[in-house]
Amino acid sequence: QNRVHERSMSSLVRAHGGRFDNFASNSMMSSVGGYLRDDSHLVYIDLDGCRLSDDGVRMLVDGGLQHNKCLRYLCVVHNDIHLAGFVALLEAIVTGLPALRALNVAENPVFDEVESNRELYTSCLQLLGQCSRLIYLSLGETRMSDSVGSDIVKSLLTDRCSVARLNLADNKLAAETVAMLCVAVEHAKALQYLGFSRNHLTEE
């Protein structure tokens, strides 16, 4: 079933998708957001490696991304998105983007400074629990500690959360996340797939 999903997403990229490479500045994101606000057919956007910062994400969202009604897959892999940028994306998903089903934020320093941004981190966890339409979420290689990993999994244990596929690969997850994983497997209503590749799930 997962392979069928991946093939169908690939066909969407070829048929209707768009890719934007190497943006000169984050200010261009406002224009891109405006285009996405009015676009009526684009379903896949790939912003992999576009030097996108938190400010760029906010410009993208406020420029019009959150009002797009057709976008199904958003990829912002390998940028410079921290917690503020991730929260901006989650806010857009919770309040708009009715068609979005997949978000890939891998290879960004999202959770690099959680301790100095506790209020923003709390908002992040609350918003994750309200993602009632999102099916796939990739947070691989986002500098996630074990305690953060546990919080992330716990935040998905709500009746409103629809995330079925969660990728947490290439982080620093260990015993605390494993314990919460056991709870998630038993109680999560939507969760079907958990990716924990290349983490420290057992003590040496």
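Axes are lines fitted to C-alpha atoms, for helices over the stretch in contact, and angles run from 0 to 180 degrees between N-to-C directions. Helices (H or I, at least four residues) and strands (E, at least two) are DSSP runs numbered from the N terminus. The structure is a predicted model, in which local features need pLDDT of at least 70 and side-chain atom pairs count only at pLDDT 80 or more, while totals for chains, interfaces and linings use all residues. Residues are numbered from 1 along each chain as its sequence is written, and side-chain values use heavy atoms, with hydrogens and water left out.

The axes of H4 and H5 come within 10 Å and cross at roughly 30 degrees. H4 and H5 are therefore roughly parallel to each other (angles under 35 degrees count as roughly parallel, over 145 as roughly antiparallel, 65 to 115 as roughly perpendicular and the rest as oblique). The crossing of H4 with H5 is left-handed, a term used if the near helix is turned anticlockwise from the far one by less than a right angle, with right-handed used if clockwise. Contact (heavy atoms within 4.5 Å) joins Leu 83, Ala 84, Phe 86, Val 87, Leu 90, Glu 91 and Val 94 of H4 to Leu 120, Tyr 121, Cys 124, Leu 127 and Leu 128 of H5. Eleven residues of the contact between H4 and H5 are nonpolar, none is polar and one is charged. In this classification Ala, Val, Leu, Ile, Met, Phe, Trp, Tyr, Cys and Pro count as nonpolar, Asp, Glu, Lys and Arg as charged, and the others, Gly among them, as polar.

In soluble globular proteins, nonpolar side chains tend to be buried together. A nonpolar core is here a set of buried Ala, Val, Leu, Ile, Met, Phe, Trp, Tyr and Cys residues joined through side-chain atoms within 4.5 Å; buried means under 20% relative accessible area, exposed over 50% and partly exposed in between (1.4 Å probe, protein chains only). The largest nonpolar core has 56 residues, of which Leu 74, Phe 86 and Phe 111 touch the most other members. Two or more residues of this core come from each of helix H2 (28-38), helix H3 (54-63), helix H4 (83-95), helix H5 (118-128), H6 and H7. H4 gives the largest share, eight residues. Apart from this core lies another, of eight residues, among them Tyr 73, Val 77, Ala 102 and Tyr 136.

With neighbours within four places in sequence left aside, the contacts of Phe 111 are Leu 83, Phe 86, Tyr 121, Cys 124, Leu 139, Thr 142, Arg 143, Met 144, Val 148 and Ile 152. Val 77 is placed in the loop between strand E3 (73-75) and H4 and is buried, at a relative accessible area of 7%. Not counting residues up to four places away in sequence, Val 77 touches Leu 47, Asp 48, Gly 49, Asn 104, Ala 106, Glu 107 and Asn 108. The C-alpha atoms of Val 77 and Glu 141 are 9.8 Å apart, and the two residues are 64 residues apart in sequence.

H2 and H3 pack with their axes 7 Å apart, at an angle of about 30 degrees, and are therefore roughly parallel to each other. Their crossing is right-handed. Met 29, Ser 30, Val 32, Gly 33, Gly 34, Leu 36 and Arg 37 of H2 make this contact with Gly 56, Met 59, Leu 60 and Gly 63 of H3. By class, the contact of H2 with H3 has five nonpolar, five polar and one charged residues. Buried residues in H2 are Met 29, Val 32, Gly 33, Gly 34 and Leu 36, and the buried residues of H2 pack against strand E2 (44-46) and H3. In H3, Asp 54, Gly 56, Val 57, Leu 60, Val 61 and Gly 63 are buried, and the buried residues of H3 pack against H2 and H4.

The axes of helix H6 (residues 146-155) and helix H7 (residues 175-187) come within 7 Å and cross at roughly 10 degrees, which makes H6 roughly parallel to H7. The crossing of H6 and H7 is left-handed. Gly 149 lies in H6 and counts as buried, at 0% relative accessibility. Beyond neighbours within four places in sequence, Gly 149 is in contact with Met 144, Leu 173 and Thr 177.
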